[in-house]
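Thanks for coming. I have one model to go through today, and I will keep it short.

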Amino acid sequence: MDITILGSQIIGIIPLGDIVFYFTQFNLFMFATALAFTAIVAISKTETQVEAEFGKLGDRAVTVAKKEFKIRRFLAIICGLATAGAMITGDLFDFTLFVCLTGIVNIGIVGAVRQVDVLDAAYQYGLIAMMASLPLFGGAALILAATGTLSLLEINSLTYTTPMMILGSILLFLGVAGETGVAPFFATKAEMFRTPGSPFLLIIHLSSLLILVRLIEILLMINKPF
Amino acid sequence: MNLMTNILINVIIAFFIGSLLFGLQRKIMARIQGRPGPPIIQHILHTFKFFIKESAFPYTAAMPFYIAITAMLSMIWVAAVIVGPVTGGSLLLIFGIYAVHKIVEHNAGSSSGSPYGKLSCVRAVYSAAAEIPLFAVLVIIYFKTGTMNITGLINYQTVHGPLLYAIPLAALMFFVLIMSKAPYSPFAITKGKDIVSGYETEHFGLLRGYLMMSESIAWYMLLWVFLTVFLGPISIPVYLIGMIVMSSIIAFINATTPLLNPNHSIMMQVTFAFIGIVGSFALLMI
(Lines give C-alpha, C1' and ligand atoms only; values in the text may rest on other atoms or scores of the structure.)
Protein backbone atom coordinates (compact mmCIF):
# COMPACT_ATOMS: atom_id res chain seq x y z
CA MET A 1 0.00 0.00 0.00
CA ASP A 2 1.70 3.19 -1.17
CA ILE A 3 0.05 5.86 0.97
CA THR A 4 2.18 8.13 3.11
CA ILE A 5 0.81 10.16 6.02
CA LEU A 6 3.10 12.89 7.36
CA GLY A 7 6.12 10.97 6.11
CA SER A 8 5.02 7.59 7.54
CA GLN A 9 3.96 4.68 5.35
CA ILE A 10 0.52 3.17 5.98
CA ILE A 11 0.91 -0.40 7.26
CA GLY A 12 -2.69 -1.44 6.56
CA ILE A 13 -6.38 -0.51 6.50
CA ILE A 14 -9.52 -2.17 7.88
CA PRO A 15 -12.53 -1.21 5.74
CA LEU A 16 -15.86 -1.62 7.58
CA GLY A 17 -18.35 -0.20 5.08
CA ASP A 18 -17.88 3.55 5.06
CA ILE A 19 -15.82 3.34 8.27
CA VAL A 20 -12.15 2.82 7.49
CA PHE A 21 -9.53 2.25 10.15
CA TYR A 22 -5.91 2.73 9.09
CA PHE A 23 -2.61 1.95 10.73
CA THR A 24 0.71 3.73 10.56
CA GLN A 25 3.54 3.17 13.03
CA PHE A 26 2.14 6.11 15.02
CA ASN A 27 -1.52 5.03 15.03
CA LEU A 28 -0.64 1.45 15.87
CA PHE A 29 1.44 2.48 18.89
CA MET A 30 -1.26 4.82 20.20
CA PHE A 31 -3.97 2.20 19.65
CA ALA A 32 -1.96 -0.51 21.43
CA THR A 33 -1.15 1.87 24.31
CA ALA A 34 -4.82 2.77 24.79
CA LEU A 35 -5.82 -0.90 24.80
CA ALA A 36 -2.99 -1.92 27.15
CA PHE A 37 -3.94 0.75 29.68
CA THR A 38 -7.62 -0.20 29.37
CA ALA A 39 -6.74 -3.82 30.18
CA ILE A 40 -4.70 -2.73 33.22
CA VAL A 41 -7.53 -0.49 34.43
CA ALA A 42 -10.04 -3.33 34.00
CA ILE A 43 -8.14 -5.68 36.33
CA SER A 44 -6.89 -3.18 38.91
CA LYS A 45 -8.13 -2.35 42.38
CA THR A 46 -8.23 1.23 43.57
CA GLU A 47 -5.80 2.76 46.04
CA THR A 48 -6.63 3.80 49.61
CA GLN A 49 -5.88 7.41 50.39
CA VAL A 50 -4.56 8.02 53.86
CA GLU A 51 -5.39 11.48 55.24
CA ALA A 52 -4.55 13.08 58.57
CA GLU A 53 -7.57 13.71 60.79
CA PHE A 54 -8.18 17.32 61.73
CA GLY A 55 -7.64 18.08 65.43
CA LYS A 56 -6.56 14.50 66.25
CA LEU A 57 -3.47 12.37 65.83
CA GLY A 58 -5.25 9.63 63.88
CA ASP A 59 -5.33 8.82 60.16
CA ARG A 60 -8.43 8.48 58.00
CA ALA A 61 -8.57 5.98 55.11
CA VAL A 62 -10.57 7.12 52.08
CA THR A 63 -11.61 4.25 49.81
CA VAL A 64 -13.86 3.73 46.80
CA ALA A 65 -17.14 1.96 47.68
CA LYS A 66 -17.93 -1.24 45.74
CA LYS A 67 -20.99 0.15 43.95
CA GLU A 68 -19.12 3.27 42.92
CA PHE A 69 -16.12 1.15 41.87
CA LYS A 70 -18.22 -0.98 39.52
CA ILE A 71 -19.82 1.89 37.61
CA ARG A 72 -16.55 3.84 37.38
CA ARG A 73 -14.67 0.81 36.11
CA PHE A 74 -17.32 0.17 33.46
CA LEU A 75 -17.16 3.79 32.27
CA ALA A 76 -13.34 3.71 32.32
CA ILE A 77 -13.31 0.67 30.03
CA ILE A 78 -15.72 2.38 27.61
CA CYS A 79 -13.50 5.45 27.70
CA GLY A 80 -10.41 3.36 26.92
CA LEU A 81 -12.11 1.64 24.00
CA ALA A 82 -13.38 4.96 22.61
CA THR A 83 -9.87 6.40 22.87
CA ALA A 84 -8.44 3.36 21.08
CA GLY A 85 -11.03 3.84 18.32
CA ALA A 86 -10.13 7.52 17.98
CA MET A 87 -6.49 6.53 17.46
CA ILE A 88 -7.07 4.52 14.29
CA THR A 89 -10.22 5.88 12.68
CA GLY A 90 -9.82 7.16 9.14
CA ASP A 91 -13.06 9.16 9.22
CA LEU A 92 -13.24 12.66 10.67
CA PHE A 93 -16.87 12.30 11.78
CA ASP A 94 -16.09 9.03 13.59
CA PHE A 95 -13.21 10.79 15.29
CA THR A 96 -15.54 13.52 16.61
CA LEU A 97 -17.99 10.85 17.81
CA PHE A 98 -15.24 8.98 19.67
CA VAL A 99 -14.07 12.26 21.22
CA CYS A 100 -17.63 13.11 22.27
CA LEU A 101 -18.04 9.66 23.82
CA THR A 102 -14.84 10.02 25.84
CA GLY A 103 -16.10 13.41 27.08
CA ILE A 104 -19.41 11.91 28.22
CA VAL A 105 -17.87 8.91 30.02
CA ASN A 106 -15.19 11.10 31.62
CA ILE A 107 -17.95 13.17 33.20
CA GLY A 108 -19.58 9.92 34.33
CA ILE A 109 -16.34 8.61 35.88
CA VAL A 110 -16.08 11.61 38.18
CA GLY A 111 -19.85 12.16 38.45
CA ALA A 112 -20.14 8.80 40.26
CA VAL A 113 -18.04 10.11 43.18
CA ARG A 114 -20.05 11.16 46.23
CA GLN A 115 -18.00 14.20 47.21
CA VAL A 116 -19.39 17.70 46.84
CA ASP A 117 -16.17 19.30 45.54
CA VAL A 118 -15.63 16.57 42.99
CA LEU A 119 -19.24 16.72 41.82
CA ASP A 120 -18.99 20.46 41.49
CA ALA A 121 -15.84 20.08 39.34
CA ALA A 122 -17.57 17.39 37.26
CA TYR A 123 -20.53 19.74 36.73
CA GLN A 124 -18.21 22.51 35.47
CA TYR A 125 -16.46 20.03 33.19
CA GLY A 126 -19.85 18.84 31.94
CA LEU A 127 -20.83 22.36 30.97
CA ILE A 128 -17.58 22.88 29.07
CA ALA A 129 -17.87 19.50 27.32
CA MET A 130 -21.48 20.20 26.32
CA MET A 131 -20.62 23.62 24.90
CA ALA A 132 -17.55 22.22 23.13
CA SER A 133 -19.66 19.76 21.14
CA LEU A 134 -20.84 22.65 18.91
CA PRO A 135 -17.38 23.66 17.61
CA LEU A 136 -16.39 19.97 17.52
CA PHE A 137 -19.11 18.89 15.11
CA GLY A 138 -19.24 22.33 13.46
CA GLY A 139 -15.52 22.07 12.64
CA ALA A 140 -15.96 18.62 11.07
CA ALA A 141 -18.99 19.92 9.10
CA LEU A 142 -17.00 22.88 7.75
CA ILE A 143 -14.17 20.60 6.66
CA LEU A 144 -16.71 18.36 4.91
CA ALA A 145 -18.21 21.41 3.21
CA ALA A 146 -14.77 22.66 2.14
CA THR A 147 -13.32 19.37 0.91
CA GLY A 148 -16.37 17.26 -0.04
CA THR A 149 -15.19 14.34 2.11
CA LEU A 150 -14.75 13.23 5.70
CA SER A 151 -12.23 10.54 4.79
CA LEU A 152 -8.85 11.42 6.28
CA LEU A 153 -7.08 9.43 3.58
CA GLU A 154 -8.82 11.56 0.92
CA ILE A 155 -8.11 14.79 2.80
CA ASN A 156 -4.46 13.73 3.13
CA SER A 157 -4.17 13.45 -0.66
CA LEU A 158 -5.41 17.02 -1.24
CA THR A 159 -2.72 19.51 -2.22
CA TYR A 160 -4.40 22.71 -1.04
CA THR A 161 -5.73 24.35 2.13
CA THR A 162 -8.61 26.82 1.88
CA PRO A 163 -9.49 29.43 4.54
CA MET A 164 -12.65 27.41 5.33
CA MET A 165 -10.47 24.36 6.12
CA ILE A 166 -8.36 26.49 8.46
CA LEU A 167 -11.51 27.78 10.20
CA GLY A 168 -12.81 24.20 10.48
CA SER A 169 -9.49 23.13 11.99
CA ILE A 170 -9.60 25.91 14.60
CA LEU A 171 -13.16 24.93 15.57
CA LEU A 172 -12.16 21.27 15.72
CA PHE A 173 -9.26 22.13 18.02
CA LEU A 174 -11.54 24.17 20.31
CA GLY A 175 -14.05 21.33 20.39
CA VAL A 176 -11.48 18.69 21.30
CA ALA A 177 -9.89 20.98 23.92
CA GLY A 178 -13.28 21.42 25.60
CA GLU A 179 -14.35 17.78 25.36
CA THR A 180 -11.10 16.44 26.75
CA GLY A 181 -10.64 19.24 29.29
CA VAL A 182 -7.12 20.25 28.34
CA ALA A 183 -5.73 23.77 28.75
CA PRO A 184 -7.34 26.25 29.19
CA PHE A 185 -10.20 24.07 30.50
CA PHE A 186 -8.01 21.86 32.71
CA ALA A 187 -8.63 23.64 36.03
CA THR A 188 -11.74 21.63 36.91
CA LYS A 189 -9.92 18.39 36.10
CA ALA A 190 -7.24 19.01 38.69
CA GLU A 191 -10.00 19.30 41.31
CA MET A 192 -11.60 16.07 40.09
CA PHE A 193 -8.29 14.23 40.39
CA ARG A 194 -8.03 14.71 44.15
CA THR A 195 -10.46 11.85 44.75
CA PRO A 196 -9.34 8.17 45.11
CA GLY A 197 -9.59 5.85 42.10
CA SER A 198 -6.21 6.19 40.40
CA PRO A 199 -6.90 3.71 37.54
CA PHE A 200 -10.04 5.62 36.55
CA LEU A 201 -8.30 8.96 36.70
CA LEU A 202 -5.57 7.51 34.48
CA ILE A 203 -8.04 6.80 31.73
CA ILE A 204 -9.34 10.39 31.85
CA HIS A 205 -5.83 11.75 31.49
CA LEU A 206 -4.87 9.11 28.93
CA SER A 207 -7.86 9.85 26.71
CA SER A 208 -7.18 13.61 26.83
CA LEU A 209 -3.53 13.45 25.87
CA LEU A 210 -3.76 10.66 23.31
CA ILE A 211 -6.70 12.33 21.57
CA LEU A 212 -4.82 15.62 21.55
CA VAL A 213 -1.77 14.03 19.91
CA ARG A 214 -4.04 12.32 17.37
CA LEU A 215 -5.76 15.64 16.72
CA ILE A 216 -2.39 17.18 15.90
CA GLU A 217 -1.90 14.45 13.29
CA ILE A 218 -5.35 15.15 11.80
CA LEU A 219 -4.84 18.92 11.75
CA LEU A 220 -1.48 18.51 10.03
CA MET A 221 -3.16 16.33 7.40
CA ILE A 222 -5.81 19.00 6.78
CA ASN A 223 -3.47 22.02 6.81
CA LYS A 224 -0.63 21.70 4.33
CA PRO A 225 2.85 23.17 5.01
CA PHE A 226 3.75 26.67 3.76
CA MET B 1 23.60 -5.41 12.18
CA ASN B 2 20.80 -7.62 13.45
CA LEU B 3 17.77 -5.50 14.47
CA MET B 4 17.50 -6.95 17.98
CA THR B 5 21.23 -6.38 18.60
CA ASN B 6 20.88 -2.85 17.31
CA ILE B 7 17.96 -2.17 19.70
CA LEU B 8 19.79 -3.71 22.65
CA ILE B 9 22.98 -1.71 22.02
CA ASN B 10 21.05 1.54 21.61
CA VAL B 11 19.02 1.00 24.80
CA ILE B 12 22.20 0.27 26.78
CA ILE B 13 23.92 3.34 25.33
CA ALA B 14 20.85 5.47 26.12
CA PHE B 15 20.79 4.23 29.72
CA PHE B 16 24.49 4.75 30.40
CA ILE B 17 24.81 8.13 28.69
CA GLY B 18 21.54 9.39 30.22
CA SER B 19 22.71 8.31 33.70
CA LEU B 20 26.15 9.87 33.26
CA LEU B 21 24.59 13.13 32.10
CA PHE B 22 22.40 13.16 35.22
CA GLY B 23 25.54 12.56 37.30
CA LEU B 24 27.35 15.35 35.47
CA GLN B 25 24.44 17.69 36.16
CA ARG B 26 24.59 16.98 39.90
CA LYS B 27 28.36 17.48 39.89
CA ILE B 28 28.14 20.84 38.12
CA MET B 29 25.30 21.99 40.39
CA ALA B 30 27.30 21.02 43.47
CA ARG B 31 30.42 22.86 42.31
CA ILE B 32 28.40 26.01 41.57
CA GLN B 33 26.93 25.80 45.07
CA GLY B 34 30.38 25.32 46.64
CA ARG B 35 29.98 21.61 47.46
CA PRO B 36 32.18 18.72 46.26
CA GLY B 37 29.11 16.82 45.02
CA PRO B 38 28.68 13.10 44.29
CA PRO B 39 30.80 11.28 41.69
CA ILE B 40 29.51 11.46 38.12
CA ILE B 41 28.69 7.73 38.16
CA GLN B 42 26.44 8.19 41.22
CA HIS B 43 23.17 7.94 39.25
CA ILE B 44 24.25 4.64 37.68
CA LEU B 45 25.29 3.28 41.09
CA HIS B 46 21.95 4.37 42.56
CA THR B 47 20.01 2.65 39.79
CA PHE B 48 21.93 -0.63 40.19
CA LYS B 49 21.58 -0.40 43.96
CA PHE B 50 17.79 -0.27 43.70
CA PHE B 51 17.76 -3.35 41.48
CA ILE B 52 19.33 -5.45 44.25
CA LYS B 53 17.38 -3.88 47.14
CA GLU B 54 14.37 -5.58 48.66
CA SER B 55 11.09 -4.44 47.07
CA ALA B 56 8.23 -3.35 49.31
CA PHE B 57 4.69 -2.46 48.28
CA PRO B 58 2.41 -0.09 50.23
CA TYR B 59 -0.76 -1.85 51.45
CA THR B 60 -2.72 1.21 50.23
CA ALA B 61 -1.51 0.82 46.61
CA ALA B 62 -3.81 0.10 43.65
CA MET B 63 -2.61 -3.35 42.57
CA PRO B 64 -1.56 -4.44 39.94
CA PHE B 65 -1.82 -0.97 38.48
CA TYR B 66 0.93 0.33 40.80
CA ILE B 67 3.42 -2.21 39.38
CA ALA B 68 2.21 -2.12 35.76
CA ILE B 69 2.67 1.64 35.55
CA THR B 70 6.41 1.23 36.20
CA ALA B 71 6.72 -1.46 33.55
CA MET B 72 4.85 0.82 31.14
CA LEU B 73 7.33 3.64 31.71
CA SER B 74 10.23 1.37 30.84
CA MET B 75 8.49 -0.01 27.76
CA ILE B 76 7.55 3.34 26.26
CA TRP B 77 11.10 4.71 26.49
CA VAL B 78 12.57 1.55 24.99
CA ALA B 79 9.97 2.07 22.21
CA ALA B 80 11.23 5.65 21.84
CA VAL B 81 14.78 4.37 21.31
CA ILE B 82 13.48 2.00 18.62
CA VAL B 83 11.54 4.78 16.87
CA GLY B 84 14.38 7.30 17.14
CA PRO B 85 18.02 6.20 16.87
CA VAL B 86 17.27 2.66 15.61
CA THR B 87 14.72 3.21 12.82
CA GLY B 88 14.52 6.99 12.35
CA GLY B 89 10.72 6.76 12.38
CA SER B 90 7.95 9.23 13.14
CA LEU B 91 8.64 12.32 15.24
CA LEU B 92 4.93 12.46 16.01
CA LEU B 93 5.24 9.01 17.60
CA ILE B 94 8.08 10.18 19.86
CA PHE B 95 5.88 13.04 21.02
CA GLY B 96 3.06 10.50 21.53
CA ILE B 97 5.45 8.53 23.74
CA TYR B 98 6.22 11.72 25.64
CA ALA B 99 2.47 12.22 26.19
CA VAL B 100 2.22 8.69 27.61
CA HIS B 101 5.20 9.51 29.86
CA LYS B 102 3.12 12.38 31.30
CA ILE B 103 0.28 9.98 32.01
CA VAL B 104 2.56 7.49 33.71
CA GLU B 105 4.18 10.25 35.77
CA HIS B 106 0.73 11.34 36.86
CA ASN B 107 -0.52 7.91 37.82
CA ALA B 108 2.64 6.52 39.37
CA GLY B 109 2.00 9.19 41.99
CA SER B 110 -1.68 8.57 42.59
CA SER B 111 -1.51 4.75 42.48
CA SER B 112 0.37 4.44 45.77
CA GLY B 113 -2.22 6.19 47.96
CA SER B 114 0.50 8.46 49.38
CA PRO B 115 -0.49 12.12 49.86
CA TYR B 116 2.87 13.17 48.38
CA GLY B 117 2.25 11.07 45.30
CA LYS B 118 -1.25 12.46 45.05
CA LEU B 119 0.04 16.04 45.15
CA SER B 120 2.54 15.14 42.46
CA CYS B 121 -0.36 13.69 40.44
CA VAL B 122 -2.41 16.88 40.73
CA ARG B 123 0.66 18.92 39.76
CA ALA B 124 1.19 16.65 36.76
CA VAL B 125 -2.34 17.49 35.63
CA TYR B 126 -1.61 21.19 35.97
CA SER B 127 1.69 20.84 34.17
CA ALA B 128 -0.05 19.21 31.22
CA ALA B 129 -1.00 22.80 30.34
CA ALA B 130 2.70 23.47 29.88
CA GLU B 131 2.86 20.84 27.15
CA ILE B 132 1.41 23.36 24.69
CA PRO B 133 4.95 24.14 23.45
CA LEU B 134 5.38 20.46 22.65
CA PHE B 135 2.49 20.42 20.19
CA ALA B 136 3.40 23.86 18.86
CA VAL B 137 6.93 22.66 18.11
CA LEU B 138 5.52 19.74 16.11
CA VAL B 139 3.25 22.01 14.06
CA ILE B 140 6.01 24.51 13.36
CA ILE B 141 8.48 21.81 12.29
CA TYR B 142 5.89 20.29 9.95
CA PHE B 143 4.92 23.63 8.41
CA LYS B 144 8.60 24.36 7.79
CA THR B 145 9.74 20.98 6.46
CA GLY B 146 6.58 19.20 5.27
CA THR B 147 7.49 15.94 7.02
CA MET B 148 7.18 14.32 10.43
CA ASN B 149 9.65 11.56 9.65
CA ILE B 150 12.99 11.81 11.49
CA THR B 151 14.96 10.52 8.51
CA GLY B 152 13.07 13.02 6.34
CA LEU B 153 13.96 15.83 8.74
CA ILE B 154 17.65 14.88 8.63
CA ASN B 155 17.53 14.85 4.83
CA TYR B 156 15.80 18.26 4.81
CA GLN B 157 18.55 19.74 6.96
CA THR B 158 21.27 18.21 4.77
CA VAL B 159 19.91 20.35 1.92
CA HIS B 160 18.61 23.46 3.74
CA GLY B 161 20.89 23.68 6.79
CA PRO B 162 20.04 23.22 10.50
CA LEU B 163 16.50 24.06 11.59
CA LEU B 164 17.99 25.78 14.63
CA TYR B 165 18.66 28.83 12.44
CA ALA B 166 15.34 28.67 10.58
CA ILE B 167 13.01 28.23 13.58
CA PRO B 168 15.06 29.29 16.64
CA LEU B 169 12.02 30.04 18.79
CA ALA B 170 10.70 26.50 18.30
CA ALA B 171 14.11 25.25 19.45
CA LEU B 172 13.86 27.50 22.51
CA MET B 173 10.39 26.12 23.35
CA PHE B 174 11.68 22.57 23.07
CA PHE B 175 14.68 23.44 25.24
CA VAL B 176 12.33 24.76 27.96
CA LEU B 177 10.36 21.53 27.70
CA ILE B 178 13.56 19.45 28.15
CA MET B 179 14.52 21.62 31.10
CA SER B 180 11.20 20.91 32.80
CA LYS B 181 12.16 17.20 32.82
CA ALA B 182 15.52 17.78 34.52
CA PRO B 183 15.74 16.97 38.25
CA TYR B 184 16.00 20.12 40.42
CA SER B 185 14.84 22.33 37.53
CA PRO B 186 12.69 25.39 38.30
CA PHE B 187 9.87 23.69 36.38
CA ALA B 188 10.21 20.21 37.96
CA ILE B 189 7.11 20.69 40.10
CA THR B 190 6.08 17.02 40.01
CA LYS B 191 9.31 16.01 41.75
CA GLY B 192 9.80 19.04 43.99
CA LYS B 193 11.48 18.34 47.32
CA ASP B 194 8.53 19.99 49.07
CA ILE B 195 6.63 16.79 48.25
CA VAL B 196 9.56 14.47 49.16
CA SER B 197 10.24 12.78 45.78
CA GLY B 198 6.85 13.40 44.18
CA TYR B 199 5.51 10.44 42.25
CA GLU B 200 8.57 8.34 43.14
CA THR B 201 8.08 8.70 46.89
CA GLU B 202 6.36 5.34 47.43
CA HIS B 203 8.27 3.29 44.83
CA PHE B 204 10.98 1.18 46.40
CA GLY B 205 13.53 -1.44 45.34
CA LEU B 206 13.12 -2.93 41.90
CA LEU B 207 10.30 -0.55 40.90
CA ARG B 208 12.43 2.48 41.76
CA GLY B 209 15.28 0.95 39.75
CA TYR B 210 13.04 0.72 36.70
CA LEU B 211 11.82 4.29 37.20
CA MET B 212 15.40 5.58 37.39
CA MET B 213 16.47 3.55 34.37
CA SER B 214 13.55 4.90 32.35
CA GLU B 215 14.31 8.47 33.38
CA SER B 216 17.92 8.09 32.17
CA ILE B 217 16.75 6.76 28.81
CA ALA B 218 14.13 9.53 28.61
CA TRP B 219 16.78 12.20 29.25
CA TYR B 220 19.05 10.76 26.54
CA MET B 221 16.13 10.56 24.10
CA LEU B 222 14.95 14.14 24.68
CA LEU B 223 18.47 15.45 24.03
CA TRP B 224 18.86 13.15 21.03
CA VAL B 225 15.59 14.38 19.52
CA PHE B 226 16.57 18.02 20.08
CA LEU B 227 19.98 17.60 18.43
CA THR B 228 18.60 15.53 15.54
CA VAL B 229 15.62 17.76 14.81
CA PHE B 230 17.41 21.09 15.12
CA LEU B 231 20.98 20.31 14.01
CA GLY B 232 20.37 17.57 11.44
CA PRO B 233 23.03 15.14 10.26
CA ILE B 234 25.71 15.21 12.95
CA SER B 235 28.39 12.68 13.93
CA ILE B 236 28.47 10.67 17.16
CA PRO B 237 31.16 12.92 18.81
CA VAL B 238 29.03 16.00 18.03
CA TYR B 239 26.01 14.26 19.57
CA LEU B 240 28.03 13.61 22.72
CA ILE B 241 29.38 17.17 22.88
CA GLY B 242 25.88 18.55 22.26
CA MET B 243 24.38 16.45 25.05
CA ILE B 244 27.13 17.45 27.50
CA VAL B 245 26.76 21.15 26.61
CA MET B 246 22.96 21.07 26.97
CA SER B 247 23.12 19.17 30.27
CA SER B 248 25.73 21.63 31.58
CA ILE B 249 23.62 24.67 30.63
CA ILE B 250 20.60 23.13 32.33
CA ALA B 251 22.70 22.27 35.41
CA PHE B 252 23.81 25.90 35.61
CA ILE B 253 20.19 27.13 35.40
CA ASN B 254 19.06 24.58 37.99
CA ALA B 255 21.84 25.47 40.40
CA THR B 256 21.06 29.17 40.32
CA THR B 257 17.25 29.09 40.18
CA PRO B 258 14.80 28.02 42.91
CA LEU B 259 11.93 25.62 42.25
CA LEU B 260 8.99 27.70 41.13
CA ASN B 261 5.55 27.50 42.69
CA PRO B 262 3.29 25.34 40.43
CA ASN B 263 1.21 28.27 39.21
CA HIS B 264 4.28 30.34 38.37
CA SER B 265 5.94 27.38 36.70
CA ILE B 266 2.97 26.82 34.39
CA MET B 267 2.50 30.49 33.61
CA MET B 268 6.18 30.89 32.78
CA GLN B 269 6.12 27.91 30.42
CA VAL B 270 2.90 29.12 28.80
CA THR B 271 4.50 32.57 28.34
CA PHE B 272 7.50 30.94 26.62
CA ALA B 273 5.03 29.01 24.48
CA PHE B 274 3.08 32.14 23.49
CA ILE B 275 6.23 34.01 22.48
CA GLY B 276 7.55 30.94 20.66
CA ILE B 277 4.35 30.20 18.75
CA VAL B 278 3.64 33.80 17.65
CA GLY B 279 7.28 34.46 16.85
CA SER B 280 7.77 31.21 14.92
CA PHE B 281 4.69 31.73 12.77
CA ALA B 282 5.81 35.30 12.09
CA LEU B 283 9.22 33.96 11.00
CA LEU B 284 7.60 31.32 8.79
CA MET B 285 5.42 33.89 7.04
CA ILE B 286 8.24 36.40 6.40
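Predicted model: local features only at pLDDT ≥ 70, side-chain atom pairs only at ≥ 80, totals over all residues.

Residues are numbered from 1 along each chain as its sequence is written, and chains are lettered from A and ligands numbered from 1 in the order in which they are written.

First, the chain contact. Here 39 residues of chain A contact 44 residues of chain B, a contact being two C-beta atoms, placed from the backbone, within 7 Å. On the chain A side, H8(A) gives the most, twelve residues. Helices are DSSP runs of H or I of at least four residues, strands runs of E of at least two, numbered from the N terminus.

Next, the helix pair. H1(B), residues 3-32, packs against H10(B), residues 205-231, at about 90 degrees, with the axes 7 Å apart. The axes are lines fitted to C-alpha atoms over the stretch in contact, and angles run from 0 to 180 degrees between N-to-C directions. The two helices are therefore roughly perpendicular, the term for 65 to 115 degrees. Residues that meet there include Phe15(B) in H1(B) and Tyr220(B) in H10(B).

Last, the cores. A nonpolar core is a set of buried Ala, Val, Leu, Ile, Met, Phe, Trp, Tyr and Cys residues joined through C-beta atoms within 7 Å; buried means 20 or more other C-beta atoms within 10 Å of the residue's own, placed from the backbone. In the largest core, of 151 residues, Ile217(B) and Met221(B) touch the most other members. H10(B) supplies the largest share of this core, 18 residues.

Definitions and conventions:
Parallel < 35°, antiparallel > 145°, perpendicular 65-115°, else oblique. Buried ≥ 20, exposed ≤ 12 C-beta atoms within 10 Å, placed from the backbone.
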